[in-house]
Amino acid sequence: MNSVSCPFGEDYCRSKNNREECKNGAFFYRCADLDSTKFYKKALEKALQYDFDCVRSFGVRTKWDFYSDRKKKEDSGKACEGCREKNTEAFECRCQYLRANGKCLQQNAKGMWAEGSEYGILYYQLPVSDGYNGKVDLVLKTKGADELFMTEYKPDRKKTPEKLLRMICEIVTYCKTVKEGAIGFFGGKRGKWSGEKLNLQEENIHPAIMFREGSPQHQEWQNRAAEIDLLLEKHGISVFIVKGETIYRLHK
């Protein structure tokens, strides 16, 4: 990876590991003070000034063996083994994908977000590249169109909420990195893994954030700083909300 200067400086980093990550890949969205009330205004301003195009150095391939092993478990009905409905992005996103695609062994556990929505859940926990372990929480697809949204999702966790800024910085970073690999995965020879082969160009793939109605992120959205809207416009980020068991779009 190319060395990229973090726009926030080492004073924002909560640990030595965070400082090294910032130096070696611009993963500054992990910075603790992106969630800090004290420094939030400053962080918003710095994020507006940051050139996210530098993250393209992360690499574009995806982990085909990872996908292959996952699909084998889904097709054999073993994808739900060990599922405990944990309150994390990974578990909730996996469960929603499996339910939406008829692969969950506990279909009656609760409803599906994609039901009654204009958007379907095409995939979940999509690794951004071979060179980094980060994952896009959900890949949403506009129903009836070859249009994807690489989506950062937060479950409704009152004790450990994350700010909208962190979600925005993370998904812009991931989306810029994953686009080329996603075109190959969903539109190329391996399009079969997703159940359908799509006709995609980079302009068909967008960054997005999503949260639950009544969550800390929803509350911040309702009283958001002006910089949040500027960041959304600058990077073409869509905003989705889960109301009850349906996905709605708040911002295009």
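In this predicted model, Thr151 is the residue opposite Ala208 of strand 4. The pairing behind this is between strand 3 (residues 148-154) and strand 4, which run parallel and are joined by seven bridges. Strand 4 is also parallel to strand 5 (residues 238-243), with five bridges between them. There, Ile209 lies opposite Val239 of strand 5.

How many of the eight residues of strand 4 (residues 205-212) are buried? Eight of the eight are, so strand 4 is largely enclosed by the rest of the structure. Ile205, Pro207, Ile209 and Phe211 point one way from strand 4, while His206, Ala208, Met210 and Arg212 point the other way. Residues on both sides are buried, Arg212 and His206 among them.

The helix contact involves helix 2 (residues 40-49) and helix 7 (residues 226-235), whose axes are 10 Å apart and meet at an angle of about 20°. Because angles under 35 degrees count as roughly parallel, helix 2 is roughly parallel to helix 7. Their crossing is left-handed. Helix 2 contributes Tyr40, Lys41, Leu44, Glu45, Ala47, Leu48 and Gln49 to the contact, and helix 7 contributes Glu227, Ile228, Leu230, Leu231 and Lys234. By class, the residues of this contact are seven nonpolar, one polar and four charged.

Notes
Residues are numbered from 1 along each chain as its sequence is written. This is a predicted model: local features need pLDDT of at least 70, side-chain atom pairs count only at pLDDT 80 or more; totals for chains, interfaces and linings use all residues. Side-chain values use heavy atoms; hydrogens and water are left out. Axes are lines fitted to C-alpha atoms, for helices over the stretch in contact, and angles run from 0 to 180 degrees between N-to-C directions. Helices (H or I, at least four residues) and strands (E, at least two) are DSSP runs, numbered from the N terminus. Angles under 35 degrees count as roughly parallel, over 145 as roughly antiparallel, 65 to 115 as roughly perpendicular and the rest as oblique. A crossing is left-handed if the near helix is turned anticlockwise from the far one by less than a right angle, and right-handed if clockwise. Contact means heavy atoms within 4.5 Å. Ala, Val, Leu, Ile, Met, Phe, Trp, Tyr, Cys and Pro count as nonpolar, Asp, Glu, Lys and Arg as charged, and the others, Gly among them, as polar. Buried means under 20% relative accessible area, exposed over 50%, partly exposed in between (1.4 Å probe, protein chains only). Two strands pair if DSSP finds at least two bridges between them.
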